[in-house]
Amino acid sequence: IQSVIDAGVIPPLVQLLSQAEFDIRKEAAWAVSNATSGGTKEQIKYLVSEGAIRPLCDLLTVNDARIVTVALEGLENILKVGEAEKDQTGGVNPFINLVDEAGGIDKIEQLQNHQNNDIYEKAINILETYFGVEEEDDATVAPQVAPETGAYQFGVAPGAPMPQGGFNFGGPTPM
């Protein structure tokens, strides 16, 4: 990785990641993600300084599950380095703001609805680990079950009286 940096390949690689046709962007994403996976903290910080975060965030919306995963892995590796830098940056991950400015947080939140379970899990993990977002609790969506009858309770407090004449679901009003 250091040889690639020394040869000056990172700036044009990040430019390809940003602006090239999709097939080339995919290859550039693999190269950048691999660099974040095997690079030192300094090398990863260099990738960030060359602008790697925004194009990785842009790839989170493509219709290619493997590339979305590659982009998430690259971003996660960058955020890990940022966590290690918190002591030098006043207790704040310096890369969180860059991901946010690139629209990355919103895009990662949208991936919670992705049909690919690996992408869903990785998105949840990144949001919980680095952005303090908790997985939404769906406990309030399902109706409660009355223990004595086993019947569902739809918005009626236990022991609350039923409306006189029962519930009316759009039919004629009883007289």
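**View 1. Gly132 follows helix α9.** In this predicted model, Gly132 has a positive phi, near 65°. Helices are DSSP runs (H or I, at least four residues), numbered from the N terminus.

**View 2. Helix α9 spans 20 Å from its first C-alpha to its last.** The helix has 14 residues. Its span is close to the 20 Å expected at 1.5 Å a residue (1.5 Å times one less than the number of residues). Residues are numbered from 1 along each chain as its sequence is written.

**View 3. Several residues of α9 are buried.** They are Ile119, Tyr120, Ala123, Ile124, Ile126, Leu127 and Tyr130. Buried means under 20% relative accessible area (1.4 Å probe, protein chains only). Their cover includes α6, α7 (96-101) and α8. An α-helix has 3.6 residues a turn, so residues three or four places apart point the same way.

**View 4. The largest nonpolar core holds 40 residues.** Such a core is a set of buried Ala, Val, Leu, Ile, Met, Phe, Trp, Tyr and Cys residues joined through side-chain atoms within 4.5 Å. Ile53, Leu60, Leu72, Val99 and Phe131 touch the most other members. Helix α6 gives the largest share, nine residues. Side-chain atom pairs count only at pLDDT 80 or more, and local features need pLDDT of at least 70.

**View 5. Leu72 has contacts beyond its sequence neighbours.** Leaving aside residues within four places in sequence, Leu72 is in contact (heavy atoms within 4.5 Å) with Leu60, Ile108, Leu111, Ile119, Lys122, Ala123 and Ile126.

Key
Heavy atoms only, no water. Buried < 20%, exposed > 50% of the residue type's maximum accessible area, 1.4 Å probe, protein only. Helix = DSSP H or I, 4+ residues; strand = E, 2+ residues; numbered from the N terminus.
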